[in-house]
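Here is a short report for a first look at this model.

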Amino acid sequence: MAFTRGYALIIGVGSYRFAPHLNVPITAADAEAVAAALRDPRLCGYPEANVTLLANEGATRDGVLAALRTLAQRTTPADTILLFYSGHGE
């Protein structure tokens with residue numbers, strides 16, 4: 001059964017341009033695994049279009065802000081939103 005009112009923004013930062021000593025590739029892999037679980041109809045059933053994955057180079061400040069704006073425009077108070085972040089927060 002599809003969870004049509006569910007939306008997710010999944011962010012995984014495994015590499016840091018200005019702080020390579022913080023690189024942890026598993027964080028991006030974790031984000032990809034969470035997105036896959038959410039999209040799986042046997043597990044969570046989020047529609048493909050409702051799950052946004054930003055990983056590594058796609059997880060820039062501008063990319064995250066744009067995804068948050070899009071999420072705000074697409075959702076209503078009746079929807080469920082999941083925000084997932086995996087990284088150092090640098």
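## A nonpolar patch

L65, L68, I81 and L83 form a nonpolar patch on the surface. Together they have about 320 Å² of accessible area (Shrake-Rupley method, 1.4 Å probe, with only the protein chains shown as cover). Patch residues have over 30% relative accessible area and no salt bridge (a Lys or Arg side-chain nitrogen within 4 Å of an Asp or Glu carboxyl oxygen), and nonpolar side chains are joined within 5 Å. Helix α2 and strand β3 each give two or more residues to the patch.

L65 sits in helix α2. L65 is partly exposed, at 32% relative accessibility (buried is under 20%, exposed over 50%, partly exposed in between).

## Basis of the model

The model is predicted: local features need pLDDT of at least 70, side-chain atom pairs count only at pLDDT 80 or more, and totals for chains, interfaces and linings use all residues. Residues are numbered from 1 along each chain, and side-chain values use heavy atoms, without hydrogens or water.

## One aromatic pair

The whole structure holds one aromatic pair. F3 lies before β1 and Y46 between α1 and β2, so the pair ties together parts 43 residues apart in sequence. F3 is partly exposed at 29%; Y46 is buried at 8%.

## Around D79

D79 lies in the loop between α2 and β3. D79 is buried, with 13% relative accessible area. Its side chain makes a polar contact with the side chain of R5 at 2.6 Å (a donor and an acceptor, each N or O, within 3.5 Å).

How values were computed
Helix = DSSP H or I, 4+ residues; strand = E, 2+ residues; numbered from the N terminus. Buried < 20%, exposed > 50% of the residue type's maximum accessible area, 1.4 Å probe, protein only. Patch = residues over 30% accessible without salt bridge, like charges linked within 9 Å, V, L, I, M, F, W, Y side chains within 5 Å. Phe/Tyr/Trp six-rings, centres within 6.5 Å; stacked < 30°, edge-to-face > 60°.
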